[in-house]
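Here's a quick tour for anyone meeting this structure for the first time. Have a look at it, then read on.

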Amino acid sequence: MDHLLELRGLSVAYRTTDGLLPAVRGVDLVVDAGEVVGIAGESGCGKSTLASTVLRLQPKDAVVEGEILVGGHDVQTMEWGDLRALRWAEAAIVFQGALHSLNPVRRIETQIAEPIRVHEPGISDAAAAERVAELLEQVGLPPGRSRAYPHQLSGGQRQRVMIAMALACRPRLIVADEPTTALDVMVQAQVLDLMAGLVKDLGVGLMIISHDLSVLSDVCDRVAVMYAGRVVELGSAEQVFRSPAHPYAEALSSAFPRVGDPAARYAPAGLAGDPPDPLDLPPGCAFAPRCARATDACTEAEPPLLEVGGRRAACIRVGER
Amino acid sequence: MSDAPLLEAEGVRVEFTTRGGTVATALDGVDVAVRPGEILALVGESGSGKTTLARTLVGVQRPTSGVVRYEGEPLSYSGRAVKRLCREVQMVLQDAAGSLNPRQTVYESVAEGLRLHRLVGRDSGGRTEPELVAAALSEAGLRPPERLFLRYPHELSGGQKQRVLIAGALALRPRLLVADEPVSSLDASIRGEILALLLGLRDSLGLGIVVVTHDVGLAWNIADRIAVMYLGRVVECGTTEEVLQSPRHPYTQALLSVVPEIEELTPVVLTGEVPDPTRIPGGCRFHPRCPALADGAAAEAGVADACRTTALPVLAATGEHRVACHLATARDS
């Protein structure tokens, strides 16, 4: 059976005046129906670039290699008409920053109906309105808010509108790029609850991108941690967050302390240094310059993703502990 | 740590009149105090009034009623006293990228405050302006400082920008820093570094620090005391251990239960959002969303009516663990 989403050796580079800038370097990843997969990493690690290629939304100056299969069809090589049919109806994306992604001068009911009208050109106004009402209910917005403009809604409500739009054409795959980043903890919990419920009820596959590993560990089945364009650890959310194998995943995990943990009291965990310049990657493991456990061997070759205790990690020292 | 508060607010109320003439109560009577060498975290959601309180503490926002005292003296909002307060109480804003002038070098950004307050000629060590700027940058962890003098903000990483802002504040030799969400826009790996810097400054310079945040993990990392805010009031305050490990207000309990890092608690996801400050609910302001009222715990303790009708007093900033909740009070007695 085909996977809902399968990335095979995906690499993306941007053409710049200084040469090709590699943003994503050889990523293999699978998302199945009813599954939530998280992608964690800091700014510049390639996670948003990866998300944009799933619907072929990457900028024109991007060079994409490898395969991106949605329902078994390669998104990057398909005909324009097929791609149009696939966007929204097969796979939809929820962008970060709901305020900037919504049209400020149109009512939310009009915006939610837009993808429906595009995909079902003959749909009657009544049928479209009915579907919008159904979607609003699904995302927990009161039907009375359908005539509101985006600025009249709170941040959490706007994010719900974005999710309603993504669901409008009943896609099987949803990609959410930092869906809760600008939200308060309580509203974040509400939105995450909503998304987890949709996966359970509708059986869609969900890929969530976030810099916050603790958020991902809460809602995801599996998590991939990216560093400098590569997946450096891939495993169950529990494993990656509670007992990370890669030193970078470990640093990300301890950045969000467990409240009540005496080891974190007056001891915020940080990671010195900055991510590498993609145009000038260090030799060998890209994380080696910031890694406390790096040895000379680390700078010799880029470590492959190795199987360790049910998860995969790209570090030559993972077997040692 | 001395006992006399460096900066304290007493019964501070801040109202804003909206264009329609309705009055929004951003702060509805707040007492807080921060002592030298102490880190106080103001924790709450958007709309809780935590940023308004921070602005009131630094003197940018005048309270409608109530008083803010610096070293025991009520703030005056004019003349020389303001200038002294502006120097000794520094605010570090949340959006480092937006707070730095993109056309100013790092050197200019840090030196600007020194010039405004004419601090160069008055340095006890007789240091020159470049020496003072360099000292502030190294205190903020930017070493060697001279290498950064001529850089522009766009050439810096997010963490470096935040450090430049902190250096700009440190150059004025403040006694208190008020940091509004100092790490919320930073990557996870940089977050710890900036928090460690704040802790280090408290230890080496004896600064008092007020940190405004919605992140309880941050509070656990660095704060000595916490004040949890909801809709313009402090609803629970005490030491970090007291508030985070044995929270007594149902709001604090709910807030902690949804933090992904705490797995022992069953998540209590409150419905809705913080209400509109133009229509603060009567009785306990939290009662429309209170899980303890909804599940009958309040009725069992015989306080359900009080929750709906009797307003709670303002919590005094005595340093003890205090909570503004009828149910918690009933359980105590």
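## The nonpolar core

A nonpolar core here means a set of buried Ala, Val, Leu, Ile, Met, Phe, Trp, Tyr and Cys residues joined through C-beta atoms within 7 Å. Keep in mind that what you're looking at is a predicted model. Its largest nonpolar core has 212 residues, and Val225(A) and Val228(B) are the ones with the most contacts inside that core.

So who does Val225(A) touch? Leaving aside residues up to four places away in sequence, the list takes in Ala40(A) and Gly41(A), then Val231(A), Val232(A), Glu233(A) and Val240(A), and finally His246(A), Tyr248(A), Ala249(A) and Leu252(A).

## Two helices side by side

Now for a helix pair in chain A. Helix 6 (residues 155–167) of chain A packs against helix 7 (residues 185–202) of chain A at an angle of about 15°, and their axes are 10 Å apart. That angle is why the two count as roughly parallel. Their crossing is right-handed.

On the helix 6 side of chain A, the contact uses Gly155(A), Gly156(A), Gln159(A) and Ile163(A); these meet Val187(A), Gln190(A), Val191(A), Leu194(A) and Met195(A) from helix 7 of chain A. Sort the residues of this contact by type and you get five nonpolar, four polar and no charged.

## Where the chains meet

Chain B puts 31 residues in contact with 35 residues of chain A. On chain B's side, the elements giving two or more residues are helix 7 (188–205), helix 8 (216–222), helix 9 (240–245) and helix 10 (250–257). Helix 7 of chain B gives the most, with eight residues. By type, chain B's side splits into 17 nonpolar, eight polar and six charged residues.

Terms used
Residues are numbered from 1 along each chain as its sequence is written. Chains are lettered from A and ligands numbered from 1 in the order in which they are written. This is a predicted model: local features need pLDDT of at least 70, side-chain atom pairs count only at pLDDT 80 or more; totals for chains, interfaces and linings use all residues. Axes are lines fitted to C-alpha atoms, for helices over the stretch in contact, and angles run from 0 to 180 degrees between N-to-C directions. Helices (H or I, at least four residues) and strands (E, at least two) are DSSP runs, numbered from the N terminus. Angles under 35 degrees count as roughly parallel, over 145 as roughly antiparallel, 65 to 115 as roughly perpendicular and the rest as oblique. A crossing is left-handed if the near helix is turned anticlockwise from the far one by less than a right angle, and right-handed if clockwise. Two residues are in contact if their C-beta atoms, placed from the backbone, lie within 7 Å. Ala, Val, Leu, Ile, Met, Phe, Trp, Tyr, Cys and Pro count as nonpolar, Asp, Glu, Lys and Arg as charged, and the others, Gly among them, as polar. A residue is buried if 20 or more other C-beta atoms lie within 10 Å of its own, exposed if 12 or fewer, and partly exposed in between; C-beta atoms are placed from the backbone.
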